[in-house]
Amino acid sequence: MNDARRRLTVVAGVLAALTLFVAVAAASELGSGQITVDIRIHHSRYEPSVLTVPLGRPIRFVFHNEDPIEHEWIVGDAQVHEAHRTGTEQRHGERPTEVSIPALGTVTTIVTFPASGPLLYICHLPGHEAYGMAGTLTIR
Ligand SMILES: [Cu+2]
């Protein structure tokens, strides 16, 4: 490798590291192992609806439901969502990846994702997914 090429490689590596640091810092409380992510629910939409969180660290999701109706937050792969589209469970709360959020309520769940990849989070109450109550969670 010649000098110019080596320098370019080093610069690219530093840029990649900086980008990762900024992405993590934006969602974190630096100094603690746990990261807090706030998700606002407003007019049957998640805000934000696109999120990236780090792999293998506890993520504390705090849901702030500003609507006068109940919602839920189910995170998982396509198989999980297919099961919930046809599911009959009225309330969630037993599993950290499945949460019911009462009208105007705030609910917290802590999830540590063991594998990287894209997942979806969806509200499976009747009509909500079709309305657009869905988001994408990238884990890396
Ligand atoms: Cu909903």
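Colleague: Over which residues does pLDDT stay under 50?

Modeller: This is a predicted model, and pLDDT stays under 50 over residues 6-26. For that stretch the model has 4 contacts beyond four places in sequence. Where pLDDT is low, the predicted coordinates should not be read in detail.

Colleague: And what is the mean pLDDT of the protein?

Modeller: The mean is 84, and 77% of the residues reach 70 or more.

Colleague: How many helices and strands are there?

Modeller: The protein has 3 helices and 9 strands. Read from the N terminus, the order of elements is α-β-β-β-β-β-α-β-β-β-α-β.

Colleague: Let us turn to the sheets. What is the strand order in the open sheet of 5 strands?

Modeller: The order is E3-E9-E8-E5-E6, and the pairing is mixed. Strand E3 (50-53) and E6 are the edge strands, each pairing on one side only. From one strand to the next, the twist averages 20 degrees.

Colleague: Which helix packs on that sheet?

Modeller: Helix H2, residues 78-85, packs on it and touches E5 and E8. The direction of H2 makes about 145 degrees with that of E5.

Colleague: Do E8 and E9 run parallel or antiparallel, and how many bridges join them?

Modeller: E8 and E9 run antiparallel, joined by 6 bridges. Within this pairing, Leu 119 stands opposite Leu 137 in E9.

Colleague: How many bridges join E5 to E8?

Modeller: There are 3 bridges between E5 and E8, which are also antiparallel. Ile 74 has Ile 122 in E8 as its bridge partner.

Colleague: What about the open sheet of 4 strands: what is its order?

Modeller: Its order is E2-E1-E4-E7, again with mixed pairing. The edges are strand E2 (46-47) and strand E7 (106-112), each of which pairs on one side only. Strand E1, residues 35-41, pairs with E2 in the antiparallel sense over 2 bridges, and Arg 40 stands opposite Glu 47 in E2.

Colleague: Leaving aside neighbours within four places in sequence, what is Leu 137 in contact with?

Modeller: With that exclusion, Leu 137 is in contact with Leu 51, Val 53, Val 75, Leu 119 and Tyr 121.

Colleague: What share of the 140 residues is buried?

Modeller: Buried residues make up 19% of the protein.

Colleague: Why is Glu 70 classed as partly exposed?

Modeller: Glu 70 is partly exposed because 16 other C-beta atoms lie within 10 Å, whereas a buried residue needs 20 or more and an exposed one has 12 or fewer.

Colleague: And which residues is Glu 70 in contact with, beyond four places in sequence?

Modeller: Those contacts are with Ser 100, Ile 101, Pro 102, Ala 103 and Leu 125.

Key: Residues numbered from 1 in each chain as written. Predicted model: local features only at pLDDT ≥ 70, side-chain atom pairs only at ≥ 80, totals over all residues. Contact = placed C-beta atoms within 7 Å. Pairing = 2+ DSSP bridges. Axes fitted to C-alpha atoms, helices over the stretch in contact; angles between N-to-C directions. pLDDT = per-residue confidence, 0-100.
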